[in-house]
Amino acid sequence: MKDTAHTAAFDVNDWIRQDQMPHFLCPGCGHGIALRALAWALHEQGIDKDRLAVVSGIGCSGRLSAHIDANTFHTTHGRPLTFATGLKLARPDLHVVVITGDGDCLAIGGNHLIHAARRNLDITCLMLNNEIYGMTGGQVSPTTAEGRYTSTTPMGNTEPTFDACALAAAAGAGFVGREVTMQVLALRDLIRQAVAHQGFSFVEVLSDCTEIYGRKNDLGASPEMMLAKKSAMRPFAYRNTVDVPFRPNHLRTGVIARGERPEYGAAYRAMAAGLRGEEGDA
C-alpha cells in the first residue's frame, strides 16, 4: 500500500512531540537541523506517521527519536540496525528509519552496518557524524579528523578517518549519500530519495558538535563551524574565506552510489511462501 502525498505546507511542529520540548541538544548542535530535514523529507514523501517507525541507538543522535511523533524505539548502543532488521521483517508494512551516530554506527555497531547493507533490507539509515562521542565523554570516534583533540587524544588524533559511505557502498547498500547540515534543502532532498529507495539506504549527515568538539579544537561557534565545514566540502565556492577547514575537502556530497538489487524482505517472504506451498502439496 502506498502512502498518499501530503498537500499541506510543512510544519515541523506536526512531527514533534511537544511534551518532549524543550529539546536536550546543546546550542548550535547540528543534529536539530538534521531532525528538521528528516521530518521535512518524510512529509514531502507523504509518509503516514502511524506507519513510520524510527529506531535509534545511544548517543546524542539516539535521543532524537524521542522527539519524533511516530512509533519510536530507543535501543542499546550500536544495535539500532539489528532491532530495525527484526522490526522490518515482522512488519514489512512500516517505513523503518534508523537514526545513529558515528560512534554508534561505525565503532560498536560497525559489523551491523556491514550486514544491513549486505542484506539490502528496506531500511533507511541516517548516520549523524559529528566526529566525536558527544554524550559519553568526548572520546575519539572512527570519524574524528586527524590531528583533532578529544578526551582520549589529548595530543591530537593519529588515526585515519573512516569513510562510512565507502564502507556502505562496498558492503552492498543500494543507496548511499552524504550531505552537510548547512545545506538544508539538499539534505532534505537526499533523505527523501533515500526513503523512496526500495532497499537499504544509507545517508551520512555531516553535523557539528560545538560544545564538546568545537571548544576543544578552537573551531568557533556553530556558524563558524558550519561555514568551515561547507567550505571544506565545496572549496571552489568559498575560496579562502575559512583558514582552517573543519574537515578534509576530498569527501563527496550528494548521491554517491545507487543500484537496484533484490530486497531482502521480499526475497525472504517469497521463499517462505514457496515452502508453505510445498507443504500444502505434500
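Colleague: Which residues lie nearest the centre of the second largest pocket?
Modeller: Met21, His23, Leu25, Gly32 and Leu35, among 16 lining residues. A pocket is an open set of points on a 1 Å grid over the protein atoms alone, where a 1.4 Å probe fits, with protein on both sides within 12 Å along at least five of seven lines; lining residues have an atom within 4 Å of a point. The model is predicted: local features need pLDDT of at least 70, side-chain atom pairs count only at pLDDT 80 or more, and totals for chains, interfaces and linings use all residues. Residues are numbered from 1 along each chain as its sequence is written, and side-chain values use heavy atoms, without hydrogens and water.

Colleague: How does the lining of this pocket divide?
Modeller: Into 10 nonpolar residues, five polar and one charged. Ala, Val, Leu, Ile, Met, Phe, Trp, Tyr, Cys and Pro count as nonpolar, Asp, Glu, Lys and Arg as charged, and the others, Gly among them, as polar.

Colleague: Why is the pair of phenylalanine 73 and phenylalanine 83 called edge-to-face?
Modeller: Rings of Phe, Tyr and Trp (its six-membered ring) pair if their centres lie within 6.5 Å; planes under 30 degrees apart count as stacked, over 60 as edge-to-face and the rest as tilted. Here the centres are 5.2 Å apart and the planes make 80 degrees, which is edge-to-face. Phenylalanine 73 sits in strand E2 and phenylalanine 83 in helix H2, so the pair ties together parts 10 residues apart in sequence.

Colleague: What makes the pair of tyrosine 264 and tyrosine 268 tilted?
Modeller: The planes stand at 45 degrees and the centres 5.9 Å apart, so the pair is tilted. Both tyrosines lie in helix H10, four residues apart, about one turn of the helix.

Colleague: Is tyrosine 268 buried, partly exposed or exposed?
Modeller: Partly exposed, at 41% relative accessible area. Buried means under 20%, exposed over 50%, partly exposed in between (1.4 Å probe, protein chains only).

Colleague: How do you know how well strand E7 is covered?
Modeller: Six of its six residues are buried. Phe175, Gly177 and Glu179 are on one side, Val176, Arg178 and Val180 on the other. Strands (E, at least two residues) and helices (H or I, at least four) are DSSP runs, numbered from the N terminus.

Colleague: Which strands pair with E7?
Modeller: Two strands pair if DSSP finds at least two bridges between them. E7 has six to E8, in the parallel sense, and four to E9, antiparallel. Arginine 178 stands opposite glutamate 204 in E8, and glycine 177 opposite valine 255 in E9.
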